[in-house]
Amino acid sequence: MKAFEKEESTPLKGGRGHANLVSKCKLCGRENNLDILQDSIQPYCADNTEEFRTMVVFECRGVEPVDFSPRVGFVAEGAESGLKFDEVELTEGEWMDYDENAQNPVGITELEHRFVKA
């Protein structure tokens, strides 16, 4: 299965709308899809670091996500200074920078995820 982004949208067979990921089964030919529910996207804050929290909800039809590979498109904000970091790239599984306003190093490390059926 290929990676997808929330900005991508593919039309569904038969004109039934669009989805962020459309995949066709090689065995039976059935078209399956996954769509990001845009209203479900929530930030993950420094206050939440000791717990899992729902960040996004997917509507899945015929597919079930099993892994998450963070890439680009993330933003961060300095917890103490409010300084915005607009180009957070998590391709390597972590991100480091320096908050000039707070004069502190900042970063995202030890990423963990899980999928929970809703």
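**Figure 1. Surroundings of Val-106 in the predicted model.** Leaving aside neighbours within four places in sequence, Val-106 is in contact with Phe-85, Trp-95, Met-96, Asp-97, Tyr-98 and Asp-99. Val-106 also belongs to the largest nonpolar core. That core has 6 residues in all: Ala-76, Phe-85, Val-88, Leu-90, Trp-95 and Val-106. In soluble globular proteins, nonpolar side chains tend to be buried together.

**Figure 2. Asn-33, a buried residue in strand 4.** Strand 4 covers residues 31–36 and includes Asn-33. The relative accessible area of Asn-33 is 7%. Asn-33 counts as buried because this value is under the 20% cut-off. Beyond its neighbours within four places in sequence, Asn-33 is in contact with Leu-12, Ala-19, Leu-21 and Val-22, and with Glu-59, Cys-60, Arg-61 and Val-63. Two of these contacts, Glu-59 and Arg-61, return in the next view.

**Figure 3. The salt bridge between Arg-61 and Glu-59.** The side chains of Arg-61 and Glu-59 meet at 2.5 Å, N to O. Arg-61 is partly exposed, at 49% relative accessibility. Glu-59 is partly exposed too, at 31%. Both residues are in contact with Asn-33, which is itself buried.

**Figure 4. The salt bridge between Lys-117 and Glu-64.** The closest N and O atoms of this pair are 3.6 Å apart. Lys-117 and Glu-64 are both exposed.

**Figure 5. The salt bridge between Glu-77 and Lys-84.** Here the closest N and O atoms are 2.7 Å apart. Glu-77 is partly exposed, with a relative accessible area of 48%. Lys-84 is exposed, at 55%, because its value is over the 50% cut-off. The count of salt bridges comes to 3.

**Figure 6. Confidence along the predicted chain.** The chain averages a pLDDT of 88. At least 70 is scored by 94% of the residues. Confidence is highest in strand 8 (residues 95–99), at a mean of 96. Strand 1 (residues 10–11) has the lowest, at a mean of 82. Where pLDDT is low, the predicted coordinates should not be read in detail.

Note on methods: Residues numbered from 1 in each chain as written. Predicted model: local features only at pLDDT ≥ 70, side-chain atom pairs only at ≥ 80, totals over all residues. Heavy atoms only, no water. Helix = DSSP H or I, 4+ residues; strand = E, 2+ residues; numbered from the N terminus. Buried < 20%, exposed > 50% of the residue type's maximum accessible area, 1.4 Å probe, protein only. Contact = heavy atoms within 4.5 Å. Core = buried A, V, L, I, M, F, W, Y, C linked by side-chain atoms within 4.5 Å. pLDDT = per-residue confidence, 0-100. Salt bridge = Lys/Arg side-chain N within 4 Å of Asp/Glu carboxyl O.
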